[in-house]
Amino acid sequence: MILGRNFFVTPSDSLAIVAAHANAIPFFRDQGGIKGVARSMPTSAAVDLVAKRYNLELFETPTGWKFFGSLMDSALLGGTKYGPFLCGEESFGTGSDHLREKDGLWAVLAWLQILALYNSDPVRNLVHVEDIVKNHWRTFGRNYYCRYDYEGVNAERAEAMMSSLVIHLPSLKETVHAGSRVTTADEFEYRDPVDGSITRKQGIRIIFEDGSRVVFRLSGTAGCGATVRLYLERYEGPTGGRLGLDTTRALGPLAAFALRVARVEDFLGRAEPDVVT
C-alpha cells in the first residue's frame, strides 16, 4: 500500500505511475525502458493509458499471479520476450520480471526511486507523493475507482445473480446509463499468448464509451459462503476540470446502475456491501 502525507494512492494508480516513471528504476533504464505491462482484468485501466502513450505491449489477464508469470517466462519457453516487464493487481500486488515480489515491498522501492527523481535538487521544495499523483492525473486523466465486497453470501443466490446478469448482457449493449453508452457487455475470458490456454468465466464486464467500467466477480463458492466483488471505474480526462471529485460522488451514478442491473439486493439480501475499498 502506497500512502503519502494524508493521501492514499490506489493500487491501480500506483501501477500506472510506476509504469510512466519506469526509467527512474535502474534495471528498467539500463535496458532502454519497459517493453510490456500487464494488469488483472478488475484493475483499473489507468495503466492502459500509459501503455498507449509509450507504445508498450499491454495484457489484461484474469486475477492470479500465475498469468503474469506465464508472460514473464515467455522467452524461456521459446516465445516472444515481453520484458523488461511490469505487472500489478488491484489488490496491491506489483512486480516485474527481474524481482517477482508482489506483496508491497517492490512497489515501495519503486516509489522511493520516483521520489528520488523528483527530489534530486535539495534547494527546491520537497515533492510529495500527492504531488506526483496529481501531476499524473493532469497528464493522463483520472480513473476514479472503488470496490464493493459482499462477503459470506449464499453461494447459490450469488451464482443465480451472476447467471441472470449473463443472460441480460446482450440487451445492455448500445444502451445509455450513467451518462454514457455501453459498448461492451460480456463474460471475460483470456487466451494465454504463451501456451494458448483459455481461461473462461473470469468475471462480468460492462464497459462504457467514456472509459467507465462495471465489473462483477464471484469467488469462494466452495466454502460456507461466497464473496461477490463489484468494481466501479469512471474515467475523467485531464482537461475537464473534474480531477478532484470525491470518489463516492464521482462513482454514484455508476454504482446505482450496477446495483440495479444486477439486482444485488434482491439476490443477495444485502442493502450495503460489507467492505468498500
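Predicted model: local features only at pLDDT ≥ 70, side-chain atom pairs only at ≥ 80, totals over all residues.

Trainee: Why is Arg39 called buried?

Mentor: Buried means under 20% relative accessible area, exposed means over 50%, and partly exposed lies in between, with a 1.4 Å probe and protein chains only. Arg39 has 4% relative accessibility, so Arg39 counts as buried.

Trainee: Where is Arg39 found, and what does Arg39 touch?

Mentor: Arg39 is found in strand 3, residues 36-40. Strands are DSSP runs of E with at least two residues, and helices are runs of H or I with at least four, numbered from the N terminus. Contact means heavy atoms within 4.5 Å. Leaving aside residues up to four places away in sequence, Arg39 touches several residues, including Leu15, Asp48, Phe68 and Arg213.

Trainee: What makes the pair of Arg39 and Met41 a polar contact?

Mentor: A polar contact is a pair of N or O atoms within 3.5 Å; within protein, one must be able to donate a hydrogen and the other to accept it, and residues adjacent in sequence count only if both atoms are side-chain atoms. A polar atom of the Arg39 side chain lies 3.2 Å from the backbone oxygen of Met41.

Trainee: How many aromatic pairs does a search of the whole structure find?

Mentor: The search finds 9 aromatic pairs. Rings of Phe, Tyr and Trp (its six-membered ring) pair if their centres lie within 6.5 Å; planes under 30 degrees apart count as stacked, over 60 as edge-to-face and the rest as tilted. The ring centres of Phe7 and Trp137 are 6.3 Å apart and the planes stand at 50°, so this pair is tilted. Phe7 lies in strand 2 (residues 7-9) and Trp137 in helix 6 (residues 129-140), so the pair ties together parts that are 130 residues apart in sequence. Both Phe7 and Trp137 are buried.

Trainee: Why is the pair of Phe208 and Phe257 called edge-to-face?

Mentor: Their ring centres are 5.7 Å apart and their planes are at 80°, so the pair is edge-to-face. Phe208 in strand 12 (residues 204-208) and Phe257 in helix 8 (residues 247-262) are 49 residues apart, so the pair links distant parts of the chain.

Trainee: How do you know that the charged end of Arg142 sits over the ring of Trp137?

Mentor: A charge sits over a ring if NZ of Lys or CZ of Arg is within 6 Å of the ring centre and within 35 degrees of the ring normal. The charged end of Arg142 is 4.0 Å from the centre of the Trp137 ring. Likewise, the charged end of Arg53 sits over the ring of Phe140, 4.6 Å from its centre.

Trainee: What makes helix 4 mostly covered?

Mentor: In helix 4 (residues 65-72), 7 of its 8 residues are buried. Among them are Trp65, Phe67 and Phe68. The buried residues of helix 4 pack against strand 3 and strand 4, including other strands such as strand 5 (85-88).

Key. Residues numbered from 1 in each chain as written. Heavy atoms only, no water.
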